[in-house]
Amino acid sequence: MRYVTKVLFVLLLLLVAITAWIFGTQNSAIVTLHFLDVETPEAPISLWVGIGFLGGIGLGLLLSAWSNTRLRLRARSARRALEKQISVTARQPVDESAVAD
């Protein structure tokens, strides 16, 4: 099963690379981007789209790492509280009269 998964992953990666290559060759027009008073140097459209795509991937990874770290810290805190509660409960004597035969 792992072999099939690896082969499918490589095929998907190859498909994405071929699609990106075709996109790059079909969109080679030189443009300048204008935003507010900022003007970028001239570059192909495919470069700007690629930069936006990679920027989105980077931002997504950054937000995911932040969220994952927050959840891990919360889980660690809950685990410590549970261990503390278990140790307190284990030290308490058992009331023999409350135990049913």
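Where is Leu11 found? Leu11 sits in helix 1, residues 2-26; helices here are DSSP runs of H or I with at least four residues, strands are runs of E with at least two, and both are numbered from the N terminus. Before going on, the provenance: this is a predicted model, where local features need pLDDT of at least 70, side-chain atom pairs count only at pLDDT 80 or more, and totals for chains, interfaces and linings use all residues. Residues are numbered from 1 along each chain as its sequence is written, and side-chain values use heavy atoms, with hydrogens and water left out.

Back to Leu11, which is partly exposed at a relative accessible area of 48%. On that scale, buried means under 20%, exposed means over 50%, and partly exposed is in between, with a 1.4 Å probe and protein chains only.

Asn27 lies between helix 1 and strand 1 (30-31), and its relative accessible area of 23% makes Asn27 partly exposed. Leaving aside neighbours within four places in sequence, Asn27 is in contact with Pro44, Ile45 and Ser46, contact meaning heavy atoms within 4.5 Å. Asn27 and Pro44 are 17 residues apart in sequence, and their C-alpha atoms are 7.1 Å apart in space.

Is Ser46 buried or exposed? Ser46 is buried, because its relative accessible area is 19%. Ser46 belongs to helix 2, residues 45-91. With neighbours within four places again set aside, the contacts of Ser46 are Phe23, Gly24 and Asn27.

Now two exposed loop residues. Leu36 is in the loop between strand 2 (34-35) and strand 3 (38-39), and counts as exposed at 75% relative accessibility. Leu36 is not a glycine, yet its phi is positive, about 55°. Most residues other than glycine have a negative phi.

Pro41 is in the loop between strand 3 and strand 4 (43-44). At 59% relative accessibility, Pro41 counts as exposed. Beyond four places in sequence, Pro41 is in contact with Val31, Thr32 and Trp48. Pro41 and Gly56 are 15 residues apart along the chain, with 21 Å between their C-alpha atoms.

Last, the rings. Arg70 lies over the face of Trp66, at 5.1 Å from the ring centre; the criterion is NZ of Lys or CZ of Arg within 6 Å of the ring centre and within 35 degrees of the ring normal.

That is the tour; questions are welcome.
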